[in-house]
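Please consult the sequence and coordinates alongside the text.

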Amino acid sequence: LKPVWLKPYRRRARDLAIELLYQAFERSPLLKRMLFPACKNGVMQKRLVWTLCTIVVVLGVGRDLVDDGDVQCAMQLSSRVLPKADSPPPPSILVVGDTGCQTSADPQRQVSRLHLVSTAMADIASQLDPTHIVLVGDNIYENGAEGDLRTIQHVWYDSFPGAHGSLQRPWHMIQGNHDWRSDPTTQIEFTWSSLNQGGFWNLPGFWYSKRVAANDLTIDFFYVDTLVWTEGFSVLVEVGSRKSMAELKEQQKTWLEKELRESAADWKIVVGHQVMYGDSDHVSEAFGRMSDLNELLQKYEVPIWLNGHSHNQEVVQFKGITYITTGAGCKSKSMEICKEWDAATCNMFLPGPDTKKFFSYYGGFLSLTFLSKGTAELVIYGNSSSSVLFTYRIRNRDHRRWLDVPTPYTFLPKHSCGSINVLSASECCPEGCCRSVPDMHVTQSCTDFCEFSRLRCVSAAGIVRELPHTSLLCGMSELSTELNCSMLLGDIPSQYADLMCHCEPKQNEEES
């Protein structure tokens, strides 16, 4: 590539060489034996990489397939290929979620995990120089900022930009269910506050979009508020009525469809908090309250969906969309339900067998590097920068070949209690929503939740922080005897993280 007349083709040739090397690692045991120790120890030199790419071109591809270690090593290797001085590195981002643990309120192991994750993020940020960092909600535990801008400064800034210089770059936020437990406008107002040191915190509204343009690539990020989309019960406190909740959702939906339709970017990424598909401790909203959002992702060929909410890291690939969960910023209590496929259970969480590509219980974060208009590299990290848990190549605009592929099974959750539709129900028992863990505001109670759907509250149960998925709690009549229907979420004892409300239809017309 030395001749001047070849200069315009250098970047394309480099990308092709990296792709050929990646394929060779998949197929050639010889290359693994030669290079895996060097790859593992991080001593691979650029000249050797180019020499090997030449070997790959000469010898061709087509050897016997080998194990996943070769693939991971090849992708780590390709990410270390340093571009020429006149060719800047491909754009990348870091993504982390559910980071809101506080020293004064959360167990020490969670705070320790937060510090490990932030330190590892700083190491990777210094290597990749990401354009920005995405925080996918639950920014402040347990009950949001509660109207105090200094809480955001203490919980977020002191743990990330204030502690690590390489994390002093734009952060694009969304809010999660814990952020909505108190006034969610506080976190929006922090964007323009004098306490927002460096101006790194960016949350200009409940939903918004941002564009990144670099290396002849354009990437549009669309940030949606899934509590608004699912009409979470806590939203009622802010808007005042069921009608207003529905109108607010429709405003967001109209905005997103218009933005997706008009976007001419090379990549479209949609970011939310709640899980679209996931095999863990929260429901897969693609089967219920976010099915219309998922339809928009398909309609406008969005290749990547990012979310937090479940305290694990997971990758699900289905019909051209890679659904990525990264909610392990400080908490880790998720359980993997479908380690082996059982249709009776797994159809409630995943869109089909073999769609789950990766699952990890451990703390961590991820990076996305956009190598070209057609390919992005996903790397999922654990609690340290040297702990690479998973690597994956994501193809852009890969939807059309899936058009004729049917969904194996669609789980339709029941959102009723008896014959009555339960409004704003979130985590429900499989048999229906007479028992539910709603997304509540600190000023709401189970009585409020049941009455919202013209039901009667029977009992309220406190959910201990370390207990698993809601569906496993449904056989328990009471998890606590000390709570009652009128207890506000903000008043529950500290050993509980949530309330399970038990509602039932009222007995007669006079009572209703």
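## Surroundings of V155

Leaving aside neighbours within four places in sequence, V155 is in contact (heavy atoms within 4.5 Å) with G100, C101, Q102, N139 and I140. The model is predicted: local features need pLDDT of at least 70 and side-chain atom pairs count only at pLDDT 80 or more, while totals for chains, interfaces and linings use all residues. Residues are numbered from 1 along each chain as its sequence is written, and side-chain values use heavy atoms, with hydrogens and water left out.

V155 lies in helix 6 (residues 149-157); helices (H or I, at least four residues) and strands (E, at least two) are DSSP runs numbered from the N terminus. Because its relative accessibility is 2%, V155 counts as buried, a term that means under 20% relative accessible area, with exposed over 50% and partly exposed in between (1.4 Å probe, protein chains only). The C-alpha atoms of V155 and Q102 are 6.1 Å apart, although 53 residues separate the two along the chain.

## The sheet and its helices

Seven strands form an open sheet with mixed pairing, in the order 5-6-7-8-10-9-11. Strand 5 (208-214) and strand 11 (356-360) are at the edges with a single partner strand each, so one side of each has no neighbour in the sheet. From one strand to the next, the twist averages 15°. Two strands pair if DSSP finds at least two bridges between them; strand 8 and strand 10 do so in the parallel sense over 4 bridges. N307 has T325 in strand 10 as its bridge partner.

| Helix | Strands touched | Angle between directions |
|---|---|---|
| Helix 10 | strand 5, strand 6 (217-223), strand 7 | about 175° with strand 6 |
| Helix 11 | strand 7, strand 8, strand 9 (313-318), strand 10 | about 130° with strand 10 |

In helix 11 (residues 291-299), the residues D292, L293, N294, L296 and L297 are buried. Their cover includes helix 8 (226-229), helix 10 (242-262) and strand 7 (267-271). Just after helix 11, E301 adopts a positive phi of about 50°.

## Nonpolar cores

A nonpolar core is a set of buried Ala, Val, Leu, Ile, Met, Phe, Trp, Tyr and Cys residues joined through side-chain atoms within 4.5 Å. The largest has 60 residues, and M121, W156, W171, F370 and L378 have the most contacts inside it. Helix 5 (residues 108-128) supplies the largest share of this core, 7 residues. A second, separate core of 59 residues includes V235, W305, M348 and C503.

Notes:
Axes are lines fitted to C-alpha atoms, for helices over the stretch in contact, and angles run from 0 to 180 degrees between N-to-C directions.
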